[in-house]
Amino acid sequence: MGMRPLEVVALFLTEGFYLGFMGSFGGIILGSVLTLILENVGISVEGALENMTLPMAEVIYPRFYWGAPILALVFGTVVAMLASLLPAYKASKMLPREAML
């Protein structure tokens with residue numbers, strides 16, 4: 001009613017940014033905590049290797065690298081913003097009365 005098409009697009013992109021950033025940040029927190037725990041405890045793959053003769057340890061230990069969470073945060077945020085482009089464009093072309101139906 002009172003927003004210009006460019007303002008509608010900006011609103012959708014801002015929402016996409018915040019949803020992507022917060023979702024990625026939450027995933028990073030959970031994933032980092034789990035990785036730091038499993039770095040000490042390890043993951044047993046003994047059952048999966050029962051009928052195989054592979055030169056592999058029965059317990060694997062993941063490593064935590066700072067680059068992975070940073071990349072995940074950037075990637076998740078950018079993907080969410082890109083995913084909000086089409087709805088933003090469509091919403092900017094709608095009449096206010098069409099959007100309310």
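Contact here means heavy atoms within 4.5 Å. The structure shown is a predicted model.

View 1. Helix α3 spans residues 85–93, and its buried residues are Ala88, Ala91 and Ser92. These residues lie on the same side of α3, because the arc they cover around the axis is only 100°. An α-helix has 3.6 residues a turn, so residues three or four places apart point the same way. Leu86, Tyr89, Lys90 and Lys93 are exposed on the other side of α3. Helix α1 (5–41) is included in what covers the buried residues of α3.

**View 2. The packing of helices α1 and α2.** Two packed helices are described by the angle between their axes and the distance between the axes. For α1 and α2 (residues 67–83), the angle is about 150° and the axes are 7 Å apart. Angles over 145 degrees count as roughly antiparallel, and α1 and α2 are therefore roughly antiparallel to each other. The crossing of α1 past α2 is right-handed. On the α1 side, the contact is made by Leu13, Gly16, Phe17, Gly20, Phe21, Ser24, Phe25, Ile28 and Ser32. On the α2 side, Pro69, Ala72, Leu73, Gly76, Thr77, Ala80 and Met81 take part. Of the residues in this contact, 10 are nonpolar, 6 are polar and none is charged.

View 3. Ser32 belongs to helix α1. Its relative accessibility is 14%, so Ser32 counts as buried; the cut-off for buried is under 20%. Apart from neighbours within four places in sequence, Ser32 is in contact with Phe64 and Pro69. Pro69 is one of the α2 residues that make the contact with α1.

Definitions and conventions. Residues numbered from 1 in each chain as written. Predicted model: local features only at pLDDT ≥ 70, side-chain atom pairs only at ≥ 80, totals over all residues. Heavy atoms only, no water. Buried < 20%, exposed > 50% of the residue type's maximum accessible area, 1.4 Å probe, protein only. Helix = DSSP H or I, 4+ residues; strand = E, 2+ residues; numbered from the N terminus. Arc of directions from axis to C-beta. Axes fitted to C-alpha atoms, helices over the stretch in contact; angles between N-to-C directions. Parallel < 35°, antiparallel > 145°, perpendicular 65-115°, else oblique. Left-handed = near helix turned anticlockwise from the far one by under 90°. Nonpolar A, V, L, I, M, F, W, Y, C, P; charged D, E, K, R; others polar.
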